[in-house]
Amino acid sequence: MKITTKINLLTTVWMLCILMIVNFVVFFLFMKTTVNMEEKVLFQQAEDILRGIDKNLYSSNIELKLNDYITDHSFIRIIQPKNKVVHEVTNDRLLSKKIKGKYTTTKQSQTRLISAENGEEEVLIVRLPIKPGNQLSLEIGERLSGLETRKEILRGILVICTLFATILSLLGGRWLANMIMRPISNMINTMEEIEKSGVPKKITIQNKTRDELYTLANTFNRMIDRIQENLAKQAQFVSDASHELKTPLTVIKSYANLLRRQGLENKDIAEEAIHAIHTEATRIQKMTDTFLDLANLENEKVLEINKIDLVTLCESILKQLKEVYKREILLHFEDNPITIYADELKIKQVIIILLDNAIKYSHDKIEIFLEKNRQQTIIHIKDYGIGIPENELDHIFERFYRVDKARSRETGGSGLGLHIAKRIINLHKGNIKISSKEGLGTNVELFLPNLQRTDS
Ligand code: ADP
């Protein structure tokens, strides 16, 4: 069943339930107040009769006197103990037959249903003693015929009102359901289109009332924005990566061709070709490793946070690098140990990327400063090399961005190092800053917030 039909039916059924309860209460209250009023009138009449017959109570013409008070479809009786009717005047034989006389010493009233000529009819009876000690009581009974007619009219009005309200509720419910469902139907249509075409598409938000449906549509659009952004990034990455792989592959292909044509006869050419093919193959291997690193970093839950000592970590990195590069790298720190909560392998990767750059683009000493304050830990890597031109600094973290393409190729750079470093630091909710002066050197600062251990 469609949700609009469901809303429509539910609101109508709910409305009908409320109407039924209201009708019942109205009907019940109407009956009660009307009978109460009739009862008051009848008691008033009984008081009048008592006053009227006070002096002729034992005279023989008392029934004549009582006749003066008789109303339509009623009886008046004077009753002795043991329910003995002494006098009775009536203009309704049936009523008098159906209701038996009852003696009373207290004022009381009663309603009874009797089967009359036109079905059941309600009868009101009031009883009250005639002066205490007289051993007589007065009883008046009267058919509530007018009440039946009023009951019928009220029942008719209530039925018509209920029908009218049901029709209004059905129409209103339909309008309401359509209004609520319009943005949802819109969303379903767009999703179906996306499913068919495979192209993410946004919903047109027509009604800008800031309700939950507006929030839903907005969230959906934001999600589509992100998907589009990611798809664009993916496409850009594939195009950049293929472009990067093209150069070494071309070199490999041309040397392989050279080998095929004449390399095997000429030992020098063969050696040169094999060397070039090996170098380019190594470069491709390094590049694919970096691509994989980058792909892993796209998954934001890759961090393995542990308590680590930065001093020990830097010392072990320097030991490794110094053996390979034979460069002067100085480590400065005020406290020992400097404890942080971070992913050790990832932070090591960042420091190696930055030191590798400093080694590649400088010949002088390299310095590392470690510092920790109340809020954050700062790792500062400083070199005195070629520096980066000011206008290039803004692009330095972009994927595959290299300042000097030829030089970078010479040094084996892929233009992904700083991008990966920034991504890792961002995953740690930290910040990376580069300042540089051409010809003077480069400063890289890593700011890591002092986090407590969190499971990531
Ligand atoms: P690459 O692998 O090419 O070094 P990076 O992303 O690490 O890629 O660096 C991007 C570019 O920034 C490099 O090509 C280089 O031109 C410049 N660069 C990075 N670090 C330094 C540095 N310490 N000194 C001078 N230039 C640098």
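Predicted model: local features only at pLDDT ≥ 70, side-chain atom pairs only at ≥ 80, totals over all residues.
Let me start with the overall layout.

Now, the second largest pocket. Its space comes to about 540 Å³. There are 17 residues in the lining, and those closest to the pocket centre are Asn 230, Lys 233, Glu 298, Arg 399 and Arg 423. Which elements give two or more residues to this lining? They are helix H5 (212-263), helix H6 (267-298) and helix H10 (417-427). H5 provides the largest share, with 6 residues. If you look at domains instead, domain 2 and domain 3 each supply at least three lining residues.

Let's move over to strand S1, residues 74-80. Is S1 mostly covered or mostly open? Mostly covered: 6 of its 7 residues are buried. S1 has an antiparallel pairing with strand S5 (residues 137-143), over 6 bridges, and there Ile 78 sits opposite Leu 138 of S5. S1 also pairs with strand S2 (residues 84-90), again antiparallel and over 6 bridges. In that pairing, Ile 76 has Val 89 of S2 as its bridge partner. S1 and S2 make a hairpin with 3 residues between them, and Lys 82 in the turn has a positive phi of about 60°.

Terms used
Residues numbered from 1 in each chain as written. Heavy atoms only, no water. 1 Å grid on protein atoms, 1.4 Å probe; cavity = no way out; pocket = protein on both sides within 12 Å on 5 of 7 lines; lining within 4 Å. Points joined across faces, edges and corners; volume = space filled by probe spheres on them. Helix = DSSP H or I, 4+ residues; strand = E, 2+ residues; numbered from the N terminus. Domains from an automatic or database assignment. Buried < 20%, exposed > 50% of the residue type's maximum accessible area, 1.4 Å probe, protein only. Pairing = 2+ DSSP bridges.
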